[in-house]
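Reader: I've got a model open and want to go through its packing with you. Keep it quick, please.

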Amino acid sequence: MIVDRDHLPQELADLPEELFVRVKDRPEMDQVSKVRADSFYMDAFRRLMKNRVSVLSICVVLLIIALALLVPQISGYGYTEQNVKLKNIPPRIPVLEKLGIADGTRTVIGVKPSALNNTSRYPEGSVLKVLRTYTVSGKEACDALVDMYVFAGVPEGKYYFFGTDYLGRDIMTRLFKGTQISLLIAFISVITNLIIGVVYGSVAGFYGGTVDIVLSHLAEVLDGLPYIVVTILFMLLLGSGMFSIILSLTITGWIGTARLTRAQYYRFKGREYVLAARSLGVPDRNLIFRHILPNAIGPLITRTMIAVPSAIFSESFLAYIGLGIKPPEPSIGVLLSSGQSVLLQYPYQTLFPAILISVLMVAFNMLANGLRDALDPSERGRLQ
Amino acid sequence: MFKYFLKRFAAMLVTLFLILTLSFWVIRLMPLSIFENPDISPEIQQKLEEKMHLHEPMVVQFGYFISGVLTRGDFGTSVKIRPGMDVLEIIWERVPTTMILNAASLILAIPLGILAGTIAALKRGKMTDNLISFLIVIFISVPSFVFASLLQYLFTLQWPVFPTLYLTHASTTGQIVASMVLPVIALSLGPLATIARYLRGELIESLSSEYMLLARTKGLTRGEAVVAHAFRNSLVPIANTIIPLITGIMGGSLVIEKIFAVPGIGGLLVDSIMAGDHFLTVALLMMYSVTSLLTIFIIDVSYGIIDPRIRIGGGQE
């Protein structure tokens with residue numbers, strides 16, 4: 001129906017003012033399709049928030065980020081602060097110590113029973129209990145439960161929640177400082193990859209033709225370089241350190257994003273709204289970044305989220321093969337690999353980094369799964 | 001079709017050459033001399049440098065290196081790990097261990113992965129599926145070296161069932177096999193979960209497809225239809241996850257081999273990087289590159305064979 005603004009039919013002219021609200025601000029659902037008139041991303045966000053696993057993952061990730069920022073500030077220890085007298089102290093945690101878990105004790109194996117009474121080596125009250133006595137090649141020996149805090153002379157009321165390492169550094173402080181560094185490496189490399197990939201893929205996908213062929217072939221050659229090989233080579237060339245890790249993760253890391261972006265542009269550049277914008281004289285720059293990109297961004301978000309845990313993994317992997325962060329700076333990988341080397345003597349030094357990296361990886365992967373489901377256009381408008 | 005193969009093969013060779021060049025320049029541009037050893041007298045050092053053409057300009061050196069590799073397959077001699085020994089010889093010594101370990105882990109991972117994926121898909125939404133899916137997420141997310149540490153702690157310290165490290169010179173075969181158990185398990189968890197996840201996804205899609213309905217209408221039982229139709233169709237995409245596993249058998253896992261002190265390729269690469277034995281590093285990196293490029297080539301070709309729609313090389317997205 002076409003009507004003249006000055007000669008509106010009576011039933012239209014009498015419409016109450018409150019009906020003139022933007023669709024997205026209208027609280028009630030559409031009467032016909034029973035869905036809310038939200039934008040795609042609002043809709044996706046609501047679906048993400050409905051998914052309990054995703055919400056839990058977001059909470060876990062935020063909690064770990066908060067701990068990583070806070071703990072090194074408030075723990076009372078510096079992350080490079082050494083105290084060789086207090087090396088390899090087992091963890092002691094205030095409430096749990098009453099239950100016998102993390103109570104700062106350690107079973108010392110094969111000591112001479114007479115040595116236990118020597119107060120210069122085992123101070124008063126450090127030996128809690130002799131577990132068993134036996135003879136080894138004619139000599140008496142025993143296993144004893146020793147309170148390492150009294151043994152090493154840790155001042156009363158001082159707690160190492162996660163214990164200390166071979167230089168007497170507080171593992172909790174180092175772990176969360178390390179988480180900070182690992183997360184920083186992951187985020188910077190992922191964002192760099194995203195920016196390079198999106199720009200490269202956008203140009204290739206939007207212009208097509210010769211530009212696309214040249215850019216795609218260039219990317220293909222780079223992509224042929226095996227990931228392990230390139231990373232190792234660049235780490236060798238640049239030396240260990242945070243910047244080199246980030247750089248070596250970005251050398252080939254952006255290609256997947258570029259390819260995905262290019263495919264998205266091929267999908268969207270023929271749409272009517274692009275044609276409309278183009279015929280209104282919108283310059284290419286705006287067509288690419290203002291008109292097409294916001295529509296193409298869904299799969300890119302999922303991909304970026306998956307890239308975060310794999311960057312954290314790569315960092316740890318490099319630390320294991322001796323190409324990680326420069327000591328004494330910590331990272332999750334550095335702590336894991338140095339814990340691994342004393343796993344059988346001091347398992348707690350591996351335990352805490354291992355738990356942290358596992359929880360972090362599971363949370364990020366779950367979040368990525370949730371995002372993928374939430375951004376799936378076929379789920380659009382579903383309320384379940 | 002043949003032209004397509006040829007094109008892919010040529011691209012592979014170009015990439016390989018690129019990697020070789022890149023490795024050479026990276027290694028030579030590193031600040032330290034190749035023979036950073038105060039024990040070697042200056043004359044010997046000079047002799048060595050002459051033998052390796054180190055006094056020539058870089059481009060000439062590169063020419064020597066490339067021609068050595070291309071004509072004689074000569075990647076140079078080791079200078080740190082086993083001084084004086086041909087690097088390829090060192091590598092060949094290590095290959096069997098890695099291959100046996102990886103093969104054993106695949107023999108474990110592929111059938112179990114297929115089984116787990118199938119069960120999860122058939123019991124979709126039930127407790128079994130939830131449990132398997134949960135385990136899949138855990139096995140995919142948690143890094144293999146965390147599992148390796150966990151296994152090592154549990155089975156060598158808490159319950160001393162298996163040896164801590166890989167045994168090279170044990171008195172009985174039983175002991176060697178026992179020492180292989182933990183690395184094999186640690187190696188197989190990731191591939192197992194990957195196969196199970198893909199298969200579950202593919203099977204769920206196939207199970208709800210129209211050809212399954214047709215098969216049931218024709219009178220096949222559910223089991224027959226699943227085995228003959230859904231399962232077979234799902235295996236095609238799975239091939240793409242299994243092919244890299246099979247070709248990857250040559251290159252060891254760097255971290256797992258290091259944790260269990262396995263004398264394999266991965267451990268050798270880590271050692272050579274840490275010791276700064278650059279000729280060995282380059283040769284090993286080349287080996288990894290060849291494997292990975294061959295894998296990509298095989299997958300490309302297999303796509304063409306399995307799915308005729310991909311056969312034409314150009315243009316189509």
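Author: Start with helix H9 of chain A. Its buried residues pack against helix H6 (171-207), helix H8 (227-238), H10 and helix H12 (284-320) of chain A. Buried means under 20% relative accessible area, exposed over 50%, partly exposed in between (1.4 Å probe, protein chains only). Helices are DSSP runs of H or I, at least four residues, and strands are runs of E, at least two, numbered from the N terminus.

Reader: Where do these values come from?

Author: This is a predicted model: local features need pLDDT of at least 70, side-chain atom pairs count only at pLDDT 80 or more, and totals for chains, interfaces and linings use all residues. Residues are numbered from 1 along each chain as its sequence is written, chains are lettered from A and ligands numbered from 1 in the order in which they are written, and side-chain values use heavy atoms, without hydrogens and water.

Reader: Which residues of H9(A) are buried?

Author: Ser244(A), Ile245(A), Ile246(A), Ser248(A), Leu249(A) and Thr250(A), in a helix that spans residues 242-250.

Reader: What does Thr231(A) contact, leaving aside neighbours within four places in sequence?

Author: Ser248(A) and Leu318(A). Contact means heavy atoms within 4.5 Å. Thr231(A) is found in helix H8 of chain A, and its relative accessible area of 3% makes it buried.

Reader: Now H7(A) and H10(A). At what angle do the axes cross?

Author: Roughly 155°, and the axes come within 10 Å. H7(A) covers residues 209-224 and H10(A) covers 254-268. The two are therefore roughly antiparallel. Angles under 35 degrees count as roughly parallel, over 145 as roughly antiparallel, 65 to 115 as roughly perpendicular and the rest as oblique. Axes are lines fitted to C-alpha atoms, for helices over the stretch in contact, with angles from 0 to 180 degrees between N-to-C directions.

Reader: Who makes the contact?

Author: From H7(A), Gly209(A), Asp212(A), Ser216(A), Ala219(A), Leu222(A) and Asp223(A). From H10(A), Trp254(A), Ile255(A), Arg259(A), Arg262(A) and Tyr266(A). By class, that is five nonpolar, two polar and four charged residues. Ala, Val, Leu, Ile, Met, Phe, Trp, Tyr, Cys and Pro count as nonpolar, Asp, Glu, Lys and Arg as charged, and the others, Gly among them, as polar.

Reader: And H3(A) with H14(A): what angle?

Author: About 140°, with the axes 8 Å apart. H3(A) and H14(A) are therefore oblique to each other. Among the residues that meet are Val53(A), Ile58(A) and Ile64(A) in H3(A), and Leu356(A), Phe364(A) and Gly370(A) in H14(A). This contact has 12 nonpolar, three polar and no charged residues.

Reader: How many residues are in the largest nonpolar core?

Author: It has 115, and those with the most contacts inside it are Ile232(A), Ile312(A), Ile321(A) and Ile91(B). A nonpolar core is a set of buried Ala, Val, Leu, Ile, Met, Phe, Trp, Tyr and Cys residues joined through side-chain atoms within 4.5 Å. Helix H14 of chain A, residues 348-374, gives the largest share, 15 residues. A second, separate core of 16 residues includes Ile114(B) and Val226(B).

Reader: Switch to chain B. How many helices and strands?

Author: Chain B has 12 helices and zero strands. Of its 317 residues, 44% are buried.

Reader: What is phi of Ala261(B)?

Author: Near 50°, a positive value in a residue other than glycine. Most residues other than glycine have a negative phi. Ala261(B) lies in the loop between helix H10 (254-259) and helix H11 (265-275) of chain B. At 40% relative accessibility, Ala261(B) counts as partly exposed.
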